[in-house]
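Take a look at it first, and then we'll go through it piece by piece.

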Amino acid sequence: MTRRPDLTADVSEVLLSEEQIQAKVLELGRRISDDFAGRELTLVSVLKGSLPFMADLMRSITIPVQIDLMEVSSYGGTATESSGLVRILKDLSSSIDGRHVLIVEDIIDTGLTLNYLVRYLRGKNPASLQICTLLDKPARRLVEIAIDYRGFEIPDQFVIGYGLDYGEAYRNLRFVGVLRPEVYTDPD
Amino acid sequence: MDLDADLDIRPAPGFAHASEAELARILDFYAVAWEYEPRTFPILFDRSGTVLESFSPDFYLPELDVYLELTTLKQRLVRKKNRKLRRLRELYPDVRIKLLYARDFRALLFKYGKLALADALTGADGQTTPPKVRRVGPIAGPAPEGIPLAPAAAGPEDPPTDRASRDPAHRADHGRRRARPTRSAARARAASQLSVAAESGGIEVTA
């Protein structure tokens, strides 16, 4: 039987409150607005986890921006995928040729997906390509990637909320929390 | 959970552990080029410069210029691996290497929804062959200039146990790209190891 997620009881700890997140998003928005003033900026969000961050960040940026969305398959999605290659499930809607591009990520841990995306987007001839992430979990890094805008460095814990999921649940939490280990070790 | 439907815990030919094969699949999935044990680093020498102990990191990622060493041993058993890594970093400070512990590998598989696979691949369960006692000798080779020599050979309480220490023929230079050994190569290597063991009067080690 599939266990039904409990948005309150399944959270062992609030790692980042809604207030902390919003303050950081405003700060990042100000920095990005200053740094890209007078330039053609496209924010590229990576679905699905970065959706809340993207929505808040774009509204905290005070210069004109375009936005675009991408989605890539994840390893282990199905038995077939685990023996295949990463796939672009949703590509850019508009050209980024000559534009300054800022990849907006919810979290960077291994860096594998981001490494792939960076190489893919570089092939589309942007004027520049930078990275903004709300959360950085460096303990899990396999591929070193330069992060231009970092919200929070977090410890090596499994986090949910504010777009981050476990089994597609918990994305709608307004804070970032730590998932109780019993939730993912419970055989039911 | 139906393990058979989703899991492939049989190591690919040439990999020492099924976890290495799984990591190779993950790297392949994300189009990260890798080489399997392409280089052996001597890390311990006797006073004549003969190599007593070496270290062969599991993976080299040429596009990122970083080595990955994966250990699925329980945390309390990785002291020797940590010591080797420290020595490698001392002797080869320009070499970038990351050590993935069992907990890191578990977290990696958990991220991809394969927690059951992590359990199956942790520790000795994922080894290609069961541990056994071999007799091997030291690897011949000069110590790099400027590298301090060990005061004494490794004793029985701290034996060389990595693959390269057992097998001089295993050492190789960079240049292979995704060089996954074949079954025949693995058999040849096993034969070479047996040959070394038979000809050697060296110290006794547990593989």
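What follows is a short tour of a predicted model, going from one chain to the contacts between chains and then to a few single residues.

## Getting to know chain A

Let's start with chain A, which has four helices and nine strands. If you read along its sequence, the pattern goes β-α-β-α-β-β-β-α-β-β-β-β-α. Chain A has 188 residues, and 51% of them count as buried.

How much of the contact in chain A links residues 24 or more positions apart? Taking the contacts with a separation of 6 or more, such residues account for 66%.

## Salt bridges in chain A

Over all chains, the count comes to 18 salt bridges. One of them pairs Arg99(A) with Glu40(A), where the closest N and O atoms are 3.0 Å apart. Arg99(A) sits in the loop between strand S4 (88-90) and strand S5 (100-108), while Glu40(A) is in the loop between helix H1 (18-35) and strand S2 (41-46), so this pair ties together parts of chain A that are 59 residues apart in sequence. Arg99(A) is buried, with a relative accessible area of 12%.

Another pair is Asp136(A) and Arg141(A), whose side chains meet in a salt bridge at 2.5 Å, N to O. Are these two partners buried or exposed? Asp136(A) has 1% relative accessibility, so it counts as buried, and Arg141(A), at 7%, counts as buried too. Then there's Glu168(A), which forms a salt bridge with Arg171(A) (3.0 Å, N to O). Glu168(A) counts as partly exposed, at 48% relative accessibility. Through salt bridges that share partners, Lys48(A), Asp165(A), Glu168(A) and Arg171(A) are joined into one network.

## Where the two chains meet

Now for the interface: 26 residues of chain B are in contact with 25 residues of chain A. Between them, the two chains bury an area of about 2,300 Å², and carbon and sulfur atoms give 63% of it. Which three residues of chain B supply more of its buried area than any other three? They're Phe29(B), Tyr30(B) and Phe110(B), which supply 34% of the area that chain B buries against chain A.

There's charge here as well, with four salt bridges across the interface. In one pairing, the side chains of Glu144(A) and Lys98(B) meet in a salt bridge (2.7 Å, N to O). Nine residue pairs are in polar contact across the interface. On the side of chain B that touches chain A, helix H1 (3-6), helix H2 (18-29), strand S6 (97-100) and helix H4 (102-111) each supply at least two residues. The residues on that side divide into 15 nonpolar, no polar and eleven charged.

## Two residues in chain B

Asp28(B) is found in helix H2 of chain B. With 19% relative accessibility against a cut-off of under 20%, Asp28(B) counts as buried. The side chain of Asp28(B) makes a polar contact with that of Trp34(B), at 2.7 Å.

Thr71(B) is in the loop between strand S5 (66-70) and helix H3 (79-91), and at 3% relative accessibility this residue counts as buried. Leaving out residues up to four places away in sequence, Thr71(B) touches Val78(B), Lys81(B), Leu99(B), Leu100(B), Tyr101(B) and Ala102(B). Thr71(B) and Arg103(B) are 32 residues apart in sequence, with 9.4 Å between them in space, C-alpha to C-alpha.

Key
Residues numbered from 1 in each chain as written. Chains lettered and ligands numbered in written order. Predicted model: local features only at pLDDT ≥ 70, side-chain atom pairs only at ≥ 80, totals over all residues. Heavy atoms only, no water. Buried < 20%, exposed > 50% of the residue type's maximum accessible area, 1.4 Å probe, protein only. Contact = heavy atoms within 4.5 Å. Buried area = accessible area lost by both parts, 1.4 Å probe. Polar contact = N/O pair within 3.5 Å; in protein donor to acceptor, adjacent residues only side chain to side chain. Nonpolar A, V, L, I, M, F, W, Y, C, P; charged D, E, K, R; others polar.
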